[in-house]
Structure formats: C-alpha cells, structure tokens
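Colleague: I am new to this structure. Could you walk me through the terms as we go?

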Amino acid sequence: MKKKKYRVSEFKSIDACLDQMKEDGFTPIKRIEKPVFQEQGENEDPEPIQQDIVFEAVKKD
C-alpha cells in the first residue's frame with residue numbers, strides 16, 4: 001500500500017487538493033490540521049494565524 005501526503009497550502013483550496021488526489025489515483029484516509037502560530041511580544045502568548053492542513057492518502061487499487 002503506497003501512501004502520499006498532500007498539503008492544502010500547495011493548492012488553491014481543499015477541493016482543488018482533493019481533485020488532484022483523485023487525478024493521481026489516491027484516496028484520502030486521514031486529515032491532519034495543525035495551527036501555525038506567530039509570536040507577539042515577550043510577555044504575550046503566541047497567536048494562531050492559520051491552519052496547516054495535510055491529507056494522507058493511499059493509492060487506489
């Protein structure tokens with residue numbers, strides 16, 4: 001079973017990412033979302049600025 005990761009930030013949208021997976025012959029099996037933070041000042045907590053979304057996919061048989 002061959003696995004491949006697709007990062008949504010490399011495409012215009014989630015739908016574009018899913019369409020590319022389908023064209024490549026892969027099926028999504030896992031969605032991973034991680035927040036990306038930006039540091040503020042010394043005494044302030046980091047602030048989330050965006051979500052990093054990655055799909056893990058397997059080759060269709």
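Modeller: What follows is a set of questions about the wording, each answered from the model.

Modeller: This is a predicted model, where local features need pLDDT of at least 70, side-chain atom pairs count only at pLDDT 80 or more, and totals for chains, interfaces and linings use all residues. Residues are numbered from 1 along each chain as its sequence is written, and side-chain values use heavy atoms, with hydrogens and water left out.

Colleague: How many helices and strands does the protein have, and what makes a stretch count as one?

Modeller: The protein has 1 helix and 3 strands. Helices (H or I, at least four residues) and strands (E, at least two) are DSSP runs, numbered from the N terminus. From that end on, the elements run β-α-β-β.

Colleague: How do you know that β1 and β3 pair?

Modeller: Two strands pair if DSSP finds at least two bridges between them. β1 and β3 (residues 47-59) are joined by 5 bridges and run antiparallel. In β3, K5 has E56 as its bridge partner, and R7 has V54.

Colleague: What makes β2 and β3 a pair?

Modeller: The rule of at least two bridges applies again. β2 and β3 have 12 bridges, in the antiparallel sense. So they pair as well.

Colleague: Why are β1 and β2 said to stand at the edges?

Modeller: The open sheet has the order β1-β3-β2, with antiparallel pairing. β1 (3-7) and β2 (26-38) each have a single partner strand, so one side of each is left without a neighbour in the sheet. On average, neighbouring strands are turned by 25 degrees against each other, direction ignored.

Colleague: How is the angle between helix α1 and β3 defined, and what is it?

Modeller: Axes are lines fitted to C-alpha atoms, for helices over the stretch in contact, and angles run from 0 to 180 degrees between N-to-C directions. Helix α1 (residues 14-24) runs at about 15 degrees to β3. It lies across β1, β2 and β3.

Colleague: What is found at the two ends of α1?

Modeller: At the start, a side-chain oxygen of S13 reaches to within 3.5 Å of the backbone nitrogen of D15. After the helix comes G25, with a positive phi near 85 degrees.

Colleague: Why is E56 called buried?

Modeller: Buried means under 20% relative accessible area, exposed over 50%, partly exposed in between (1.4 Å probe, protein chains only). E56 has 12%, so it counts as buried. E56 sits in strand β3. Contact means heavy atoms within 4.5 Å. Not counting residues up to four places away in sequence, E56 touches K3, K4, K5, T27, P28, I29 and K30.

Colleague: Is V8 buried or exposed, and where is it placed?

Modeller: V8 is in the loop between β1 and α1. Its relative accessibility is 11%, so V8 is buried. Beyond four places in sequence, V8 touches S13, I14, C17, I53 and F55. V8 and I53 are 45 residues apart along the chain, with C-alpha atoms separated by 5.6 Å.

Colleague: What separates K3 from P48?

Modeller: They are also 45 residues apart along the chain, but their C-alpha atoms are separated by 29 Å. K3 belongs to strand β1. Leaving aside neighbours within four places in sequence, K3 is in contact with F26, I29, E56, A57 and V58.

Colleague: What makes the link between D52 and R7 a polar contact?

Modeller: A polar contact is a pair of N or O atoms within 3.5 Å; within protein, one must be able to donate a hydrogen and the other to accept it, and residues adjacent in sequence count only if both atoms are side-chain atoms. The side chains of D52 and R7 are joined at 2.7 Å, so the distance meets that limit. D52 lies in strand β3.

Colleague: How does the radius of gyration of the protein stand against that of a compact globule?

Modeller: The radius of gyration is taken over C-alpha atoms, and the globule rule is 2.2 Å times the number of residues to the power 0.38. For 61 residues the rule gives a value near 10 Å, but the protein has 15 Å. Its C-alpha atoms fill a box of roughly 55 × 25 × 10 Å, taken along the principal axes. Of the 61 residues, 21% count as buried.
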